[in-house]
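Reader: I have the sequence and the structure open. Can you walk me through it? Let's keep it quick.

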Amino acid sequence: MTQPRTTSAHPVEKGLRSTLLGIIANLGMVAIKALAGYFGNSYALIADAIESASDVFTSFIVWIGLQAASKKPDSNHPYGHGKAEPLTAIVVALSLIAAAIFIAIQSVEHILTPHVTPEPFTLIILVIIVLVKEGMYRYTNRVGSEIESAAVKADAWHHRSDAITSLTAAIGIAIALIGGPGYESADDWAALIASAIIVINAYRIFMPAFTEIMDAAPPSEFANEVRLIAAKVPQVQGLDKCLVRKMGFEYFVDLHIIVDGDLSVREGHDIAHAVKAEVMRQKPSVYDVLIHVEPTQP
């Protein structure tokens, strides 16, 4: 049979490009939020800056993970390095949880410590930040969906959690400004609520990556499409098992086909070769197909 094709660098390049854009954007956000929070008397903004700083770190981790996942198979890793990609997503999820815990602890301390009302200009900054970060989420998530990357999708959720923390901070500051004396800690409560939302998002990132690490089957539609393709190849009389697992950006398929038991070994081999070629032609994300040929029952 033909050798599996080499991994295309195109999906990786798209992922790296979106990740680099996220790193640049977050570096700017850290500076803006930290300065605005410090001079505007808003811990919610400072907490937001901390979350953005963690975004820079995790985006860099995503960058490294994508680079590792794109490496070609070698003697030590005959199936490639694709597992680096969901492992990266798990690291991102755990870092989100760590950031949320830190923000929650600091929020409680500020709630218990009286402080002045945030400055009105912080609200304007937060509204702009929400719009920018939601735009970053939509762009990065679209790229992650296109290349089927858990790590890039995790990076996208980092942008959305940043937008969420900024939105809750804006709500808290608005309450503090409208409520006046006695409502100074509203933005701290907002930061505490945001930390809980971040943990929920971390869970949403963690579970798909964890199931991929555990070689969980992709959605059944994928295997069904492979079956339909194989069934249409001439001289394939039936199908038995069809097992699919995801490895980084691509899929590996184990397929059992049924052919006429009176055919020669070479003829069975040629049919298997045709099935493999057709599946890989119609499903470009399939890296390799291992086919087992079974004879019809006498």
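**Salt bridges, cores and domains**

Author: Start with Arg 160, which is partly exposed, with a relative accessible area of 22%. Bear in mind that this is a predicted model.

Reader: Which residue does Arg 160 form a salt bridge with?

Author: Glu 134. The closest N and O atoms of that pair are 2.4 Å apart. Glu 134 sits in helix H4 and Arg 160 in helix H5, 26 residues apart, so the pair links distant parts of the chain.

Reader: Is Glu 134 buried or exposed?

Author: Buried, because its relative accessible area is 18%, and the cut-off for buried is under 20%.

Reader: What else is in that salt-bridge network?

Author: Arg 138 is linked with Glu 134 and Arg 160 in the network. Arg 138 forms a salt bridge with Glu 134, and their closest N and O atoms are 3.2 Å apart.

Reader: Where are Arg 138 and Glu 134 in relation to each other?

Author: They are 4 residues apart in helix H4, so about one helical turn separates them. Arg 138 is exposed, with a relative accessible area of 54%.

Reader: How many salt bridges does the rule count?

Author: The count comes to 5. One of the others joins Lys 283 to Glu 225. There the closest N and O atoms are 2.3 Å apart.

Reader: Where do Lys 283 and Glu 225 sit?

Author: Lys 283 is in the loop between helix H8 (265–282) and strand E3 (286–295). Glu 225 is in helix H7 (residues 220–231). They are 58 residues apart, and the pair links distant parts of the chain.

Reader: Buried or exposed, for Lys 283?

Author: Lys 283 is buried, with a relative accessible area of 12%. Glu 225 counts as partly exposed, at 37% relative accessibility.

Reader: New topic. How many residues are in the largest nonpolar core?

Author: It has 30 residues. Leu 66, Ala 89, Ile 205 and Phe 249 have the most contacts inside it.

Reader: Which elements give two or more residues to this core?

Author: Helices H1 (10–39), H2 (43–69), H3 (84–112), H4 (121–147), H5 (150–179) and H6 (186–213). H3 gives the most, with 8 residues.

Reader: What is Ile 205 in contact with?

Author: Setting aside neighbours within four places in sequence, Ile 205 is in contact with Ala 89, Ala 93, Leu 96, Ala 154 and Trp 157. There is also another core apart from the largest one. That other core has 22 residues, among them Cys 242, Tyr 251, Leu 255 and Met 280.

Reader: I'm looking at Ser 166. Which helix is that in?

Author: Ser 166 is in helix H5. It counts as buried, because its relative accessibility is 0%.

Reader: What does Ser 166 touch?

Author: Lys 33, Asp 48, Leu 126, Ile 129 and Val 130, not counting residues up to four places away in sequence.

Reader: Now the annotations. Which residues does UniProt list as "transmembrane region"?

Author: The unreviewed UniProt entry lists 20–39, 45–66, 87–105, 111–132, 163–183 and 189–206.

Reader: How much helix is there over residues 45–66?

Author: That span is 100% helix and 0% strand, with its end C-alpha atoms 31 Å apart. Residues 163–183 come out at 81% helix and 0% strand. The end C-alpha atoms of that span are 23 Å apart.

Reader: And what domains is the chain divided into?

Author: Domain 1 covers 9–214 and domain 2 covers 220–295. Their centres, taken over C-alpha atoms, are separated by 42 Å.

Reader: What does UniProt list for residues 218–295?

Author: The unreviewed entry lists "domain: Cation efflux protein cytoplasmic" there. The span is 38% helix and 38% strand, and its end C-alpha atoms lie 28 Å apart.

How values were computed. Residues are numbered from 1 along each chain as its sequence is written. This is a predicted model: local features need pLDDT of at least 70, side-chain atom pairs count only at pLDDT 80 or more; totals for chains, interfaces and linings use all residues. Side-chain values use heavy atoms; hydrogens and water are left out. A nonpolar core is a set of buried Ala, Val, Leu, Ile, Met, Phe, Trp, Tyr and Cys residues joined through side-chain atoms within 4.5 Å. Buried means under 20% relative accessible area, exposed over 50%, partly exposed in between (1.4 Å probe, protein chains only). Contact means heavy atoms within 4.5 Å. UniProt positions are given in the numbering used here, feature names are shortened, and annotations may be inferred rather than shown by experiment. Domain bounds come from an automatic or database domain assignment. A salt bridge is a side-chain nitrogen of Lys or Arg within 4 Å of a carboxyl oxygen of Asp or Glu.
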